[in-house]
Amino acid sequence: MDQQTEQDKLESIATPGVLDKYQNAGKIVNVVLEKVIAKIQPDADIASICAFGDQEINGELQKVYNKKNIEKGLAFPTTISVNQICGHYSPLKSESSNLAKGDVAKIQLGVHIDGYIAIAAHTVVVGEDQVEGQKADVILAAYQSVQALFRSIKPGTTNTALTKLIQQIADDHKCTPLEGVLSHEVKRHFIDGNKVIINRETQEQRVDEEEIQVNDVFVLDVYITTGDGKTKESELRTTVYKRALDRQYQLKTKHGRAFMQEVYEKYPSLCFSLRAFEDEITAKLAVQECAKHELLNPYPILISPNSIVAQFTITVAVLANSTIQISGLKLDETKYKSTHDLTDPALKELLKLPMDKESQKKRQLEQKQKA
């Protein structure tokens, strides 16, 4: 998929069958995410769990849309990032590490069916059923933020208003939204559409104000840290990449050409991990050559130094009368004892709102009647 076709641009969740594909991708995301979370235990090997997640995605995809010639696969490889590591940690088997009791682990993965993308991320504490202190603060701040966005994203809402919600909730929990994070609109085959919600606005990092529109599909991606919000690149190897769709170059080496041919065939437009390639050494060499000629976009592993980072990600579809959650799991908030609480009564009420279609339509009708 070298570029977005005119048909891709015209197709939206209003097109018959498209929303079904998003929702089926979302169901697989949730099923596999729960299976991966069940393997998050002390001493477990991270690379092995990531490989298990990807295998489960491919297994679940074999059960759907088999009668039609429909492309399907990973939209984002399974990653497990702990503590100060912000995300994108999907290590090679030879460079893996083990989970430890008390680690704050962020699990992210994504699926596409016919190019329609669903992604989710969830944060858990390894080996602990009851969580207190800063860990509880940062996890609840991230979860409540993504839930507030879900309840607020609708036609006419601005992206800047949504950013302010994240900041407000983080402030109440004495935490900080992570800088440099964007929630993207997604389109067919495109994980990073132009319309975005910035996780934290600063003097140096801001985006143009835009309104949410009917039929928008967003991956709402919230990161909160107990640190100052700034990140730096770690020394860990980058393993997650996406093909640069606007770049073409004939590589000189045989292993480089073979590597890119496999990328074209298996991951033509979306993200993958070097873990997926059988020969680690060849993959490491090939990716260096590809990077030199800017054929791949890297997803580097950033850290928020000396802090704990929590992440929750859900995919949502904005309809005229309701917003549908396509992917993402619920958090049992009763297991988290936060040191701090939300101070705004309106925000507390917002988070209590039921989000089934009928409740949303009823609220919208009541608002119209008041107006």
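I started with helix 4, which is mostly covered, with 17 of its 20 residues buried. I take buried as under 20% relative accessible area, exposed as over 50% and partly exposed as in between, with a 1.4 Å probe and protein chains only. Helices here are DSSP runs of H or I of at least four residues, strands are runs of E of at least two, and both are numbered from the N terminus.

I noted that this is a predicted model, in which local features need pLDDT of at least 70, side-chain atom pairs count only at pLDDT 80 or more, and totals for chains, interfaces and linings use all residues. Residues are numbered from 1 along each chain as its sequence is written, and side-chain values use heavy atoms, with hydrogens and water left out.

**Helix lengths.** I looked up the span of helix 4 (residues 133-152) next: its first and last C-alpha atoms are 28 Å apart, close to the 28 Å expected for 20 residues at 1.5 Å a residue. The expected span is 1.5 Å times one less than the number of residues. Helix 2 has 21 residues and reaches 31 Å between its end C-alpha atoms, close to the expected 30 Å. For helix 7, the 13 residues should span 18 Å, and the end C-alpha atoms are 19 Å apart, which agrees.

**Helix 2 against helix 3.** I then turned to the packing of helix 2 (residues 18-38) on helix 3 (residues 46-61), where the angle is about 145° and the axes are 9 Å apart. The axes are lines fitted to C-alpha atoms, for helices over the stretch in contact, and angles run from 0 to 180 degrees between N-to-C directions. From helix 2 the contact takes Ile-28, Val-31, Val-32, Lys-35 and Val-36, and from helix 3 the residues include Ile-49, Phe-52, Gly-53 and Glu-56. Contact means heavy atoms within 4.5 Å. I sorted the residues of this contact into eight nonpolar, one polar and three charged. In that scheme Ala, Val, Leu, Ile, Met, Phe, Trp, Tyr, Cys and Pro are nonpolar, Asp, Glu, Lys and Arg are charged, and the others, Gly among them, are polar. The buried residues of helix 2 include Ile-28, Val-32 and Val-36.

I found Asp-54 in helix 3; Asp-54 counts as buried because its relative accessibility is 9%. Leaving aside neighbours within four places in sequence, I see Asp-54 in contact with Leu-74, Pro-77, Thr-78 and Arg-275.

**Around helix 7.** Which residues of helix 7 are buried? I listed Glu-280, Ala-283, Lys-284, Ala-286, Val-287, Glu-289 and Cys-290. Their cover includes strand 10 (240-243), helix 6 (254-266) and strand 12. Arg-243 sits in strand 10, and I count Arg-243 as buried because its relative accessible area is 1%.

**Two loops.** Glu-294 lies in the loop between helix 7 (280-292) and strand 12 (296-298). Asn-306 also has a positive phi, near 55°, and belongs to the loop between strand 13 (302-303) and strand 14 (309-318). Is Asn-306 buried or exposed? I have Asn-306 as exposed because its relative accessibility is 78%.
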